[in-house]
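User: I have a model open and would like to go through it with you. Can we start with the terms and then move to the parts?

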Amino acid sequence: MLVEIKNLVRYFPHTRAVNNISFGFDKGQIFGFVGPNGAGKTTTMRILATLDQPQYGDCFVDGYSVTQYPEKVRKLVGFMPDSLPMHNDISVREYVDFYARAYNIKNPARNKIVNEVMDFTDLHVIADKTLNALSKGMKQRVSLARALVHEPKVLILDEPANGLDPRARVQMRELFKALADNGMAILISSHILTELGELCSGVVFIEQGRLLDAGTISEISQRRAKASIEAEIRLIRSDDLELKLKQLSMRLLEIPGVVNPAVSRDHVELTLEDGESSAVAILRQLINDGFPIVDFRLRNNQLEDLFMTITNGNVQ
């Protein structure tokens with residue numbers, strides 16, 4: 001496994017920010033790091049990025065300990081904090097080039113890498129602007145470029161979508177997918193759980209410094225699965241949609257294993273007592289009955305649902 005966190009402990013006066021947590025993820029994977037504010041996510045990320053040290057435990061990147069070989073780990077890890085440090089008198093290109101020099105990348109390789117990173121993050125159009133003149137979205141792109149300039153194997157992202165508009169979030173998400181497709185391992189913390197669920201192959205839940213669960217979303221869903229499962233059904237839009245939804249709700253009442261069907265705006269919500277195993281048969285029955293179904297969605301794998309099930313909302 002490319003990244004391993006083993007029995008990590010970090011405490012401050014009156015607070016144990018990280019309390020004996022262990023998890024790992026591999027190349028090509030995007031793992032979400034999820035928990036309430038104050039759960040210990042940023043502290044863990046800073047330790048993994050060699051910006052802080054634990055009292056106990058360790059982190060390993062490609063086999064190298066962050067406490068024993070921090071200089072080797074820094075060459076393998078790119079860290080994107082939740083906000084870009086402000087430098088009013090430096091342009092975007094100068095900023096990215098400075099960090100390339102800090103990693104001792106010499107010309108002509110440095111110029112080539114800086115150009116490639118700025119192309120990837122679409123920064124050439126603002127290359128000569130100073131950092132203080134940039135929007136929040138552009139600052140996040142610059143921060144990502146800085147984290148990528150030394151071609152790391154692991155990318156650590158602390159709330160990268162914080163403050164971004166919807167278009168900027170979508171564009172940033174596509175960049176992360178492209179990096180993972182090229183074999184990069186990514187750990188990303190975010191409170192935008194709907195988007196995180198679409199992006200991540202796995203997730204780590206943490207609260208009050210303690211690890212609650214970790215693994216792929218399907219693995220955690222299976223471990224936490226209830227006997228019943230919530231679902232929602234949407235019909236094709238029509239002038240008589242409201243009537244058809246009421247008819248669908250009434251029909252669902254007649255089907256064994258379906259509980260509490262109810263019309264909610266433009267869809268019907270329901271509970272399946274037998275979980276996923278009954279979904280196919282119910283969907284087939286409804287289609288045979290002539291209902292124009294365009295969406296039949298099970299809700300047990302949604303990250304928001306897992307978050308509400310696993311965490312209690314406690315803070316330190």
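Analyst: One term first: a residue is called buried when its relative accessible area is under 20%. The model is a predicted one.

User: Ok. Which residues of strand 6 point one way and which the other way?
Analyst: In strand 6 (residues 77–80), Val-77 and Phe-79 point one way, while Gly-78 and Met-80 point the other way. All of them are buried.

User: What does strand 6 pair with, and in which sense?
Analyst: Strand 6 pairs with strand 7 (residues 154–158) in the parallel sense, over 4 bridges. Opposite Phe-79 stands Ile-156 of strand 7.

User: Back up to the whole chain. How many helices and strands are there?
Analyst: The protein chain has 11 helices and 14 strands. Its C-alpha atoms fill a box of roughly 70 × 45 × 30 Å along the principal axes.

User: And how much of the chain counts as buried?
Analyst: Of its 316 residues, 49% count as buried. As for contacts with a separation of 6 or more, 67% come from residues 24 or more positions apart.

User: How many bridges hold strand 5 to strand 4?
Analyst: Strand 4 (residues 56–61) and strand 5 pair over 2 bridges, in the antiparallel sense. Val-61 has Tyr-64 of strand 5 as its bridge partner.

User: I clicked on Thr-44. Where is Thr-44 found, and why does Thr-44 count as buried or exposed?
Analyst: Thr-44 is in helix 1. Its relative accessibility is 1%, and therefore Thr-44 counts as buried. Leaving out residues up to four places away in sequence, Thr-44 touches Ile-5, Leu-8, Val-18, Ile-21 and Phe-33.

User: How many bridges between strand 11 and strand 13?
Analyst: There are 5 bridges, joining strand 11 (residues 229–235) to strand 13 (residues 267–272), and the two run antiparallel. Glu-230 stands opposite Thr-271 of strand 13.

User: Helix pairs now. At what angle do helix 3 and helix 5 pack?
Analyst: Helix 3 (residues 92–102) and helix 5 (residues 136–148) pack at about 25°, with axes 8 Å apart. Angles under 35 degrees count as roughly parallel, and therefore helix 3 and helix 5 are roughly parallel to each other. Their crossing is right-handed.

User: Which residues of helix 3 and helix 5 meet?
Analyst: Val-92, Tyr-95, Val-96 and Tyr-99 of helix 3 meet Val-142, Ala-145 and Arg-146 of helix 5. By class, the contact of helix 3 with helix 5 has 6 nonpolar residues, no polar ones and 1 charged.

User: And helix 5 with helix 6, how far apart are the axes?
Analyst: The axes of helix 5 and helix 6 (residues 166–181) are 11 Å apart, at an angle of about 15°. Helix 5 and helix 6 are therefore roughly parallel to each other, and their crossing is right-handed. Helix 5 contributes Gln-140, Arg-141, Leu-144 and Leu-148 to the contact, and helix 6 contributes Gln-171, Met-172, Leu-175, Phe-176 and Leu-179. That contact divides into 6 nonpolar, 2 polar and 1 charged residues.

User: Last one: what happens between strand 9 and strand 10?
Analyst: Strand 9 (residues 202–207) and strand 10 (residues 210–216) run antiparallel and are joined by 6 bridges. Glu-207 has Arg-210 of strand 10 as its bridge partner. The hairpin has 2 residues between the strands, and Gln-208 takes a positive phi near 50°.

Technical notes:
Residues numbered from 1 in each chain as written. Predicted model: local features only at pLDDT ≥ 70, side-chain atom pairs only at ≥ 80, totals over all residues. Heavy atoms only, no water. Pairing = 2+ DSSP bridges. Axes fitted to C-alpha atoms, helices over the stretch in contact; angles between N-to-C directions. Parallel < 35°, antiparallel > 145°, perpendicular 65-115°, else oblique. Left-handed = near helix turned anticlockwise from the far one by under 90°. Contact = heavy atoms within 4.5 Å. Nonpolar A, V, L, I, M, F, W, Y, C, P; charged D, E, K, R; others polar. Buried < 20%, exposed > 50% of the residue type's maximum accessible area, 1.4 Å probe, protein only.
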